[in-house]
Amino acid sequence: MQIAVAGGAEATQEEYKAAYAVGRLIAESGAVLVCGGLGGVMEAACRGAKEHGGTTIGIISGTGDGNPYLGIVIRTGLGHGRNVLVAQSGDALIAVGGNYGTLSEIAIALKIKCPVFGLSTWDIEGVVPCTSPEEAVKQASEAAGTRTAARSGR
């Protein structure tokens, strides 16, 4: 099961703390964390996952190494086009804060019927608002499990 995390490359202290907790909880659930691999929310989530034994995948917009908490780096050179790959790679998506890049990942996920859960992010139809990292990861894990089972015919 893979859970995508979307959020800004720059994060407030509150967003960083929430994203770190999301990453930690994803790792503890046994899911793989997929993100854009840069700083801010993405780094915080990867750090939380990595420091708690999780697997992290960064789908990088350029050809660099991304943040230091990535276990697997996929260098695309696609710029913002990599947002499609991030959204497509998740069995569910959790958005933490964010700007227009995050909005594009949310829109793509919603378009492909990937469940989206939000923490202090865009208030749009289809995004399930959550009040805590625990709630977001619990709901995302349940939704991702359902999607994974449906794809595998279970």
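Predicted model: local features only at pLDDT ≥ 70, side-chain atom pairs only at ≥ 80, totals over all residues.
Q: OK, so how many residues of strand E5 are buried?
A: Five of the five, across residues 92–96. E5 is therefore largely enclosed by the rest of the structure.

Q: Which residues sit on which side of E5?
A: Ala92, Ile94 and Val96 are on one side, and Leu93 and Ala95 are on the other.

Q: Which sense does the pairing of E1 and E5 have, parallel or antiparallel?
A: Parallel, over five bridges, with E1 spanning residues 2–7. Within that pairing, Ala4 has Leu93 of E5 as its bridge partner.

Q: And how many bridges between E5 and E6?
A: Four, again in the parallel sense, with E6 covering residues 116–119. Leu93 turns up here too, standing opposite Val116 in E6.

Q: What unit do E5, H4 and E6 make?
A: A β-α-β unit, and a right-handed one, with helix H4 at residues 100–111.

Q: Switching topic: where is Ser61?
A: Ser61 is in the loop that runs between strand E3 (56–60) and strand E4 (72–75).

Q: Buried or exposed?
A: Buried: the relative accessible area of Ser61 is 19%, and the cut-off is under 20%.

Q: What does Ser61 touch?
A: Leaving out residues up to four places away in sequence, Ser61 touches Leu38, Thr76, Gly77, Leu78, Gly79 and Arg82.

Methods: Residues numbered from 1 in each chain as written. Heavy atoms only, no water. Helix = DSSP H or I, 4+ residues; strand = E, 2+ residues; numbered from the N terminus. Buried < 20%, exposed > 50% of the residue type's maximum accessible area, 1.4 Å probe, protein only. Contact = heavy atoms within 4.5 Å. Pairing = 2+ DSSP bridges. Right-handed = clockwise from strand over helix to strand, strands pointing away.
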